[in-house]
Amino acid sequence: MQVKLDYGRDGLDVQIPDRNLEAILTLNHARPVADGGMAVRDALQRPVGCPPLAALARGRESACVVISDITRPVPNRVILPPLLGTLEMCGIPREKITILVATGTHRACTAAELEEMVGPNIVAGYRIENHDARDPETHRYLGETPRGVPMWVDTRFLDADLKISVALIEPHFMAGFSGGRKSICPGICSMETVKVWHGPRFIGHERSDSGSVDGNPVHEDALYVAGKAGLEFICDVTIDAARSITGVYAGSPEAAWLKGVGAVRSVAQAELEQPADIVVTSTAGYPLDQTFYQAVKGMVGALPALKEGGTIIIASECAEGIGGDEFTRTLLENDDLEAVVEKTYDPAFFVPDQWQVHELLKAVRKAEILMFTEGISADQLSRCFVTPISTVEEGIRQAIEKHGFRSRIAVIPKGPYVMPVVKGSDQ
């Protein structure tokens, strides 16, 4: 059977042997809204858990609107015009509105990427600035969370009278779901915050997982930081497989977000009868699959669908290579992943992006990882603790040879956007 994986911008057609195909795990149907712009305007006027945006904006002198970076397919071109228009209509002058890109610890977005993200009119008409987690001068200290995370937040956000975020709600392999509070932590926090919040005791917690909210320390501390930073209003959306808006969740950073989470959970969970021997998956295509760093999300997202000792076959374009300099060096200059992770438990040791090494180790502890990519050489890829393959079909042949003629294969075309659940499990 031919199945199309999300890969790059155009997708990748792969052949799955019919006799082995156990399940294709996809997003459940969600009806797109008829008019995205109208849905956003309605949500701004009738938010969840707080007054309308117009009521909040009146009397404010300035505003900061936080948006996600290029790695998230947020429909900003639909969301921002009515939101920014509301701010200006209520008396906040355009020159007092800052659009701050929540890069987290990622690189800055380029001019071309900003235009792709928000459209040429907004680029030309508004001040848009990238957050830089590595610049301590652009952050202010707000104390510590109850779990001891130092809160260093971008001063451009803290200095604004009205603080807003715009994001996409989707499954997240550490924080349960993206969106809401994650726009602030890690989105506009310093490296000093992120290295603790993404440290071993947080991401190693049993509740720090995809779909997990209650008792998840990654989620709870991010929410605490967002509250201390003064996040007052969010406008988050959900999207379908075609990336059309299916819901707009505006209002209180917690109440509106939780309503969106409920919608995502019902769409993203995909059940299978039993764990598969082999999972064929992706990193959800562009813009998420630009680096190996992001591809780790696809690997970890597939684990609930896989038996212990199974094989994950992942296709990820990785047009920008392995990832940031520190993450790349950590993988290429070490031959023992367990030893690298062990070092991170020493408070005196820190390497940016080390949290993703933890997540990679989760995957390779449970599975053999075979990877198809056109963005990383086979030599470099083999030093990233995965096995390069020339085609997905080659990987399937290797995996069937290992697991047997009757091996069960599950396919997750949209990778980490889907949350696999084995029937009868307590996942």
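On a 1 Å grid over the protein atoms alone, a pocket is an open set of points with protein on both sides within 12 Å along at least five of seven lines, whereas a cavity is a set where a 1.4 Å probe fits but cannot get out; lining residues have an atom within 4 Å of a point. Grid points are joined across faces, edges and corners, and a volume is the space filled by probe spheres set on them. The model is predicted, so to speak of local features takes a pLDDT of at least 70 and side-chain atom pairs count only at 80 or more, while totals for chains, interfaces and linings use all residues. Residues are numbered from 1 along each chain as its sequence is written, and side-chain values use heavy atoms, with hydrogens and water left out.

The second largest pocket comes out at about 340 Å³. It has 18 lining residues, with His106, Arg107, Thr291, Gly323 and Gly324 nearest its centre. Two or more of the lining residues come from each of α11 (292–302) and α12 (325–332), helices being DSSP runs of H or I with at least four residues and strands runs of E with at least two, numbered from the N terminus. By class, the lining has three nonpolar, eight polar and seven charged residues; here Ala, Val, Leu, Ile, Met, Phe, Trp, Tyr, Cys and Pro are nonpolar, Asp, Glu, Lys and Arg are charged, and the others, Gly among them, are polar.

The largest cavity, at about 360 Å³, is lined by 29 residues, and Arg72, His106, His172, Lys182 and Pro186 sit nearest its centre. Elements giving two or more residues to this lining are β9 (162–168), α7 (191–197), α11 and α14 (354–366). Its lining splits into eleven nonpolar, 13 polar and five charged residues. The second largest cavity has a volume of about 130 Å³. Its lining counts 13 residues, with Pro171, His172, Phe173, Lys297 and Pro416 closest to the centre, and β10 (171–172) and α11 each supply two or more.

As for helix packing, α1 (residues 36–45) meets α3 (residues 76–89) at about 40 degrees, with axes 8 Å apart; axes are lines fitted to C-alpha atoms over the stretch in contact, and angles run from 0 to 180 degrees between N-to-C directions. Contact (heavy atoms within 4.5 Å) involves Gly36, Gly37, Val40, Arg41 and Leu44 of α1 and Val78, Ile79, Pro82, Leu83 and Thr86 of α3. Six of these residues are nonpolar, three polar and one charged.
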